[in-house]
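Please look over the sequence and the structure shown below before reading on.

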Amino acid sequence: MRKPFVAGNWKMHGSKASILSLVTGLNAQADQLGNVDVAVCPPAIYIDYVKRSLSSNAISVGAQNVAAEPVQGAFTGEISVEMLKDFACDYVILGHSERRAIYGETDAEVAQKVKVALTANITPILCVGETLEERESGVMESVIASQLDAVLDVVGIDSFADIVIAYEPIWAIGTGVTASPAQAQDVHEFIRGKLAGLNSAIAEKVIIQYGGSVKPDNAKELFGQADIDGGLIGGASLNADDFIAICKAAG
Ligand code: PEP
């Protein structure tokens, strides 16, 4: 049995005041979480603040990105894996569609970042997903397959024992349009099946989150699908009550 995992992607939101209020709300309800792994991923500058403000070790902290360079050095503006490790970050979101689309991150760069994170024992949350155009033109599976292949080529199937995958249809992110549970399950099954073709034991173990407009009222049905093991939550993770309700729906 896979233990579900829900992570909150706070993106570039927050201030010390709003983050303290959000974390206070999470602290108040953290003992209700149940059988689910939970993480929040604040903007990097607030990672330590969140870590120190969380009173429960039921909630881990992750980053939203990391430098592709394996060691620190002359890379202005970047944050290394060692630095994330120094602040006890357990996870890092990689290959989010916003980083791919807005900052031009390629499959190869994402794969390199996954490799660097694994080396530091930080669990990558590897995001994959298609645009609406790709879905409608019938290339969805090949797009997702090549996003996975880029990482498989660099780290190999065995490393997927230590990788979380987040399937995030781009058309569902921040739009209020959610993939139907059946649509999401189809893609999750495809992803697990692809990995099973390489190593069935690892495919059975790998956590595949769904992300894209998950809310308290649709979480239970999505997480009830056979191959959906929790979620990567954007907007709704900025509200403590909503985020906790979503986590509880997975547990
Ligand atoms: C995300 O950005 O990873 C995400 C899933 O966002 P939202 O939940 O707001 O659609």
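Glu136 is exposed, with 11 other C-beta atoms within 10 Å; a residue counts as exposed at 12 or fewer such atoms, as buried at 20 or more and as partly exposed in between, with C-beta atoms placed from the backbone. This is a predicted model, in which local features need pLDDT of at least 70 and side-chain atom pairs count only at pLDDT 80 or more, while totals for chains, interfaces and linings use all residues. Residues are numbered from 1 along each chain as its sequence is written.

**Around Glu136**
- Glu136 is found in helix α6 (residues 132–136), where helices are DSSP runs of H or I with at least four residues, and strands are runs of E with at least two, numbered from the N terminus.
- The C-alpha atoms of Glu136 and Lys115 are separated by 32 Å, and these residues are 21 apart along the chain.

**Helix α5**
- In α5, the buried residues are Val110, Ala111, Gln112, Lys113, Val114, Val116 and Ala117.
- Among the elements that cover these buried residues are α3 (81–86), β4 (91–94), β5 (123–128) and α7 (140–155).
- Asn121, which follows α5, has a positive phi, near 60 degrees.

**Helices α1 and α11**
- Helix α1 (residues 16–29) packs with helix α11 (residues 240–250) at an angle of about 40 degrees, their axes lying 9 Å apart, where axes are lines fitted to C-alpha atoms over the stretch in contact and angles run from 0 to 180 degrees between N-to-C directions.
- Leu22, Gly25, Leu26 and Gln29 in α1 meet Ala240, Asp241 and Ile244 in α11, contact being defined by C-beta atoms, placed from the backbone, within 7 Å.

Note on methods:
Two residues are in contact if their C-beta atoms, placed from the backbone, lie within 7 Å.
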